[in-house]
Structures are given as C-alpha cells and as structure tokens.
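Please walk me through this structure, starting from a single side chain and ending at the metal ions.

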Amino acid sequence: MSHPHPELSAPPELPSGGLRVIPLGGLGEVGRNMTVFEHAGRLLIVDCGVLFPEDHHPGVDLILPDFEPIRARLDDVEALVLTHGHEDHIGATPYLLRERRDIPLVGSELTLALLGSKLREHRLQETVHHQVREGDRISFGPFELEFVAVNHSIPDALAVAIRTAAGLVLHTGDFKMDQLPLDGRITDLRSFARLGEEGVDLFLTDSTNAETPGFTPAETSITPVIDQVFRDSAQRIIVACFASHVHRVQQVLDAAVAHDRKVAYVGRSMVRNMAIARDLGYLRVPPGVIVDLKELAQLAPERQVLISTGSQGEPMSALSRIAQRNHHVVHIAEGDTVLLASSLIPGNENAVYRVINGLARWGARVVHKGNALVHVSGHASAGELLYCYNIVKPRNVLPVHGEIRHMQANAALARLTGVDNVVIAEDGVVVDLVDGVASIVGKVDCGYVFVDGSSVGDITESDLKDRRILGEEGFISIIVVVDSVSGKVSSGPEIHARGNALEGSSFDEIKQPVIDALDRVIAEGTTDSYQLQQTVRRVVGRWVNTTHKRRPMIIPVVIEA
Ligand SMILES: [Zn+2]
Ligand SMILES: [Zn+2]
C-alpha cells in the first residue's frame, strides 16, 4: 500500500503514562475501520469493519483489516467498542473473534443486535456483550469510557470518550449534525462541549464529507421528493437502499401507507435487519403494510413497493438480478419506477451505472442521486466539522475515516479553527499522545487481508495480479516432455490457450523455437525443471508479445521422462 511516511520504522516502546493510537484500517480508505489504543500495557479497539472490494480485486468477497500487528497481544485487549452497526465498522468482528472468542463487545442496543445476527451466521456463540447507551460510563482496565449520542445514517450510533492517565480522547465514530432527525436523536453537542471544557487532548473525527462545503441536508428534506416519486408512479416502485438505513426505510413505509401501497423486502440482509429494527422499536411499521414477496406479486402493480438491497451495484444483490431479469420473483417491466435512495461509495460507480442502465433498458424510470434529491449523506460536511472543532476546542486532532484527500480537507478545517497540532496518519502509522502532545512515532506493517470463499488471508496481492492478467489476457499453456537419458525433447510442445483467441495453427511457428531453446540450455548443462520452464516461458512470452501484441499468462510445464 502507498504510504506517506516511507522513512518510518517500527515504533519505540510507548513512554509510561502515554497513549498510543495504531490505526489498522479506515485511515486512507472509506471502509474497514479499526483503531487500536494502547495504554499501560493494555489495548482497546474501536470498530472492526470490512472494506468492499473494487474492480481491481477480482474474486475477492471482502477485505479485512490486518490483525497481525496485535495478533501476539490479543490477550491484552480489554474490549472492542463498536460505534454503530454499519458493515465498515462491525463486519470484520467475526474474523477477530475467531482468533479470541471472549473479547468483550461494547455497543448500543441496535449495534449489538445487528452484530449478533452476523455472529450467529458465523456460528460464533457465547460471545461477551456489554450493551451501553448515551451517557453511560464503563471502565475496561485502564480505559474509562463514556458514550455520547451521535446522529448518523443508522440509528443508535455513539461517539466514545476514552479517559486514561494520558488524557481525554474523543472519537466521533461516523456522525453528522441533522438538527431534526426522524428519530429526534441529535448529536449531543452539549456533551461535546462539556468534554471540551474538561479538555479534549485528542479528537478523532469523521473525514468522509470534509471536502463538501456547508451542511449535510436534513433527512426530512427528501420526504417530499419520495412523496413526488410515489405520486408520479403508475406502476410498481422498487426502492434500493442500504440494508441498515432504518430511517430511509421508515420514509418509504410512510409514503407507501399514504399512497395505499403494500411493501415487501427483497434481499436477505434487508429482511433480517428490518425485522431487528422493528422488534427493537427503531422502525415503526404500520399494521398490514408489510407483506411477503409472493403476496405482493398478487397485487396490482400500482399497489406494489419493493425495498431492496443492491444500491451499490453489488453483482449478486437483488437489484442487480432484477436489472438482468434473472430474479426468481421480480420481473422488471415497462413503466416501473426504481428509486436508488443511496450514496455512491467511491469505486462503485461503474457497477451502479451498469445496474441503472440495465433497469432503463427494460423501460423502468430510474430516480437516483444524480437526477433528484433522493439521498442525503450520513456524514458531517465541512460546516458541521467547523462547529465541532469550535465547540470541543481539542488540543490535538487526528482525522479518521476517509481517503487521504478527505483527511487532508478535515485537517485543514481543524487548523482554520485554531487547532495547533493536526496529525495526518494513514493505516499502520503509529501516533503517541505523550504529555498532551500527539505525534507520529513509527509504523507497523498492515496490508489488506482478502477473504475469498472460506479462505481468509491466503489470497495475496500477487494472486490478484495473476487474476487480473488472466482476466485481461487469458493464458497459454505449453507442455513439453524431455527424455531424461538423451536430454532431447521427446514429445510436444503441446500448446493450449484460453481467453485470447489464439488457437491451433497460430502456435505452429513457435513450436520449433521452443524445442531449439530447450536443446540449447540442456546442452549447456541445465537440468533443473524450473530453469527449463523459465526458458519456455521466455521464448513463448517474447513471441506472443512481438507477434500478437499480447501479454497473457504463460504456464510452461516441462516433464522429464
Ligand atoms: Zn457509518
Ligand atoms: Zn463508516
């Protein structure tokens, strides 16, 4: 991974009384948030999320933070605090618990409920949960925690204040400052101010929207737009949003009731999460409005609403399958309306537009962020961040949660308000808070850990490079048998190719040069089969490159018989 501090080496021992911050994910990317705090020989982890793969990670299901820097010290972990239930904050927890089952998990009611269903899917039972709410204080070893309500695109999100002998740290988690949220639960700026009065030594703040000027619009501002979409739709309505966006689903349910439509959830995570949110009282479901998908399909199209996963264009999601017309129940039709009530996470653009085009091809009207105000972000914009800095008046700031450009924009905002010491660190860069001053002291190695099927961490960057070559150029395999007595090619070369339209007779001209090259190196004394294979690879690689302007993967097999 790219690194702004190539000169850094392993950090020195933490001075006694100091606090160390080791970001293992989320600093330099939007995803896999995980920050480790160390004090008095003990560790506290805040968040443990996943990152979703992009086009250059073919075949990868998920990307995890690298636990290696703390693997030998898992027994020192006092607790894992989960700020909210988004996948980029809780999704890697099952993988961490596989390494130590009894790490205490600390979070709000909804966060722990969403995590609980994930842990059951991973067959992780008997985990240790501490449910907390805003205002609660609880200590784990030398870390005294206090929780503060924050408003975000999922209910029940918390910021966490961490008191140690080294000072007071405030970590916002993900937040924004909607003043009239649907659930009335605002970011508790009074507590931010109180902590500021006490003296916040290190403030970790959400950078995601730091480049966006002004204020993130209120959730309620999209209510009239959703209403208009319902009024304009003569046929079925399909709404795609995040499976955790309880408030967006609430708005759609309310619109459905107002327009006399019924609603079915599509997609496993949507069904599961909305059941949890309803059972815990975070989602108010008017009686009779939710039906199952089969029941919904019996109704006239103008009475149907589907709320689906897949707003990021995920290829296996319900919406992608609907767009390709291979969903088992839902067949998109002329006159249907699709509402993508979601943000566009960087890297997902192509996939999302592929889905939009797929839907449009069948005659659906697609309403999305690009053509209507159907989504507002869950993150604080520049104006809100300025307010926070002025209210908290921190001594040191460490921007978190964002790509480098987001963190730099956030740092600039902190400086504008007069914060002297703003530290920009990417994943693995270690920051110590000693005598009230935060500074970079070193780095630890932490890369991407890829999950592919049941394998965790086995797929490496070089495997992905192979996959990209195979995906772009296909392969050529060459099988040659060499007589171990005479040292002459006794059979072959037999050449096969896939994925590059090079077939049969096109290989005739390279067969003799392969035989000649092998005869030559064997005559020079080479007997090692790896060396012989390299010879074949070079001859065929050079030929296919100069003759066909291609660079497929070359797979030589030399058998001695
Ligand atoms: Zn979030
Ligand atoms: Zn997040």
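With the side chain of which residue does the side chain of Thr-208 make a polar contact at 3.3 Å? The partner is His-379. A polar contact here is a pair of N or O atoms within 3.5 Å; within protein, one must be able to donate a hydrogen and the other to accept it, and residues adjacent in sequence count only if both atoms are side-chain atoms. The side chain of Thr-208 also makes a polar contact with the side chain of Asp-206, at 2.7 Å.

This is a predicted model, in which local features need pLDDT of at least 70 and side-chain atom pairs pLDDT 80 or more, while totals for chains, interfaces and linings use all residues. Residues are numbered from 1 along each chain as its sequence is written, chains are lettered from A and ligands numbered from 1 in the order written, and side-chain values use heavy atoms, without hydrogens and water.

Thr-208 sits in the loop between strand 12 (202-206) and helix 6 (223-232). Helices (H or I, at least four residues) and strands (E, at least two) are DSSP runs, numbered from the N terminus. Thr-208 has a relative accessible area of 14%, so it is buried. Buried means under 20% relative accessible area, exposed over 50%, partly exposed in between (1.4 Å probe, protein chains only). Beyond its neighbours within four places in sequence, Thr-208 is in contact (heavy atoms within 4.5 Å) with His-379, His-401 and His-406.

Donors are N, O and S atoms within 2.8 Å of the metal (3.2 Å for Na, K and Ca); water is not among the atoms, so sites may look incomplete. Asp-88 lies in helix 2 (residues 87-90) and Asp-174 in the loop between strand 11 and helix 5, so the pair ties together parts 86 residues apart in sequence. Asp-88 is buried at 16% relative accessibility, and Asp-174 is buried at 2%.

Now the other ion. Asp-174 bridges the zinc ion (ligand 2) and the zinc ion (ligand 1), which lie 3.3 Å apart. The zinc ion (ligand 1) is coordinated by His-84 (NE2), His-86 (ND1), His-152 (NE2) and Asp-174 (OD), at 2.1 to 2.3 Å. These donors follow the spacing H-x1-H-x65-H-x21-D. Like Asp-174, His-152 is buried.
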